[in-house]
Amino acid sequence: MATEVELEHPRKAFGWAARDASGLLSPFNFSRRETGDKDVRLKVLYCGVCHSDLHMIKNEWGGTTFPIVPGHEITGIVTDVGSKVQKFKVGDRVGVGCLIGSCHSCQNCVANLENYCPSPILTYGVEDIDGTMTYGGYSDSMIADEHFVISIPDTMPLAAAAPLLCAGITVYSPLLYFGLDKPGLDIGVVGLGGLGHLAVKFAKALGAKVTVISTSPNKKEEAIQHLGADSFLISSDHDQMNVAIGTLDGIIDTVSAVHPLSPLIGLLKSHGKLIMLGAPGKPLELPVFPLLMGRKTVAASNIGGLKETQEMIDFAAKHDIKSEIEVIPIDYVNTAMERLVKADVKYRFVIDIGNTLKANF
């Protein structure tokens, strides 16, 4: 059943939106679709700030439809469920990630790989099933097909859980798919940001020996003492990189800036795998000869399916893996975006929606 407020205003919603490519966010009233038979509606309490939110509000990837309410790292409490919903009830702790729907029938959807569905319904910025636009979690409420709603264990704080719904699954999925989840493997992590710090935590929990690879020497203490990495390489230090040639079974590369791949490929053992998770704005140069000489692989990955996302959340709860966050009020979000451009955050901003977003309808 719905709350009194939702019964009175079942479609009204309130959030912060960017209205043009300046990316400036400000209060915005809008409507969400009615709760369908298989839908779950939730009161948003927290929403992580992903770097892709910044790209979208500034239309840096092209194709952004304004106004746009960003946010796809969402946690909150269920306030209403459709008549055919089986997995959730009012009051449950839940999360919503990058998707709120898909075709359910393609080869990928059948294989629990909804993230590779050719007709996904993204959490924000695309057309919803009723023809309206989808709006993200910088808002007071969210609605999604129950298949795309994740149960959050009671032991996991909702604020720290939010970034796992994008950043967490983005690093967890390739570790498993590419066989980098075996205890005792030597795994490198390139970049120590929102994705990288979680890659370190998940790889360690899976039993790996982890080497952080970074351009910033001042991150060494943080990587080893705080996050638990076993070693640290400065990628611009040729002596360090040369000593480490051929020592890694796999590398999770989280860097979105243009950077050379040849030194990273050199760090791989024969049959090693370099997995790209960042999305550089320009094509990277791929040297083939070093791949040939060791049957090495360069591949990429994008989030994960819903079954795997639930498994990731449960694994994180079991191993006490939480994102390192800075909780902010909604009216700080524009400053947070400015800081995000400068990589001035450890390691994810999370907006306290429940306590700081006030509706004006």
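Val 189 has Val 212 of strand 11 as its bridge partner. Five bridges tie strand 10 to strand 11 (residues 209-214), and the two run parallel; strands here are DSSP runs of E with at least two residues, helices are runs of H or I with at least four, both numbered from the N terminus, and two strands pair if DSSP finds at least two bridges between them.

A quick word on the source: this is a predicted model, where local features need pLDDT of at least 70, side-chain atom pairs count only at pLDDT 80 or more, and totals for chains, interfaces and linings use all residues. Residues are numbered from 1 along each chain as its sequence is written, and side-chain values use heavy atoms, with hydrogens and water left out.

| Partner of strand 10 | Bridges | Residue pair |
|---|---|---|
| Strand 11 (residues 209-214) | Five | Val 189 and Val 212 |
| Strand 13 (residues 248-253) | Four | Ile 187 and Gly 250 |

What about cover? Five of the five residues in strand 10 (residues 186-190) are buried, meaning under 20% relative accessible area with a 1.4 Å probe, protein chains only. Side chains in a regular strand alternate between the two faces of the sheet. On one side sit Asp 186, Gly 188 and Val 190, on the other Ile 187 and Val 189, and all are buried.

Elsewhere, Val 40 belongs to strand 3 (residues 39-49). Val 40 counts as buried because its relative accessibility is 0%. Val 85 is 45 residues away from Val 40 in sequence, yet their C-alpha atoms are 7.5 Å apart.

Note on methods: Buried means under 20% relative accessible area, exposed over 50%, partly exposed in between (1.4 Å probe, protein chains only).
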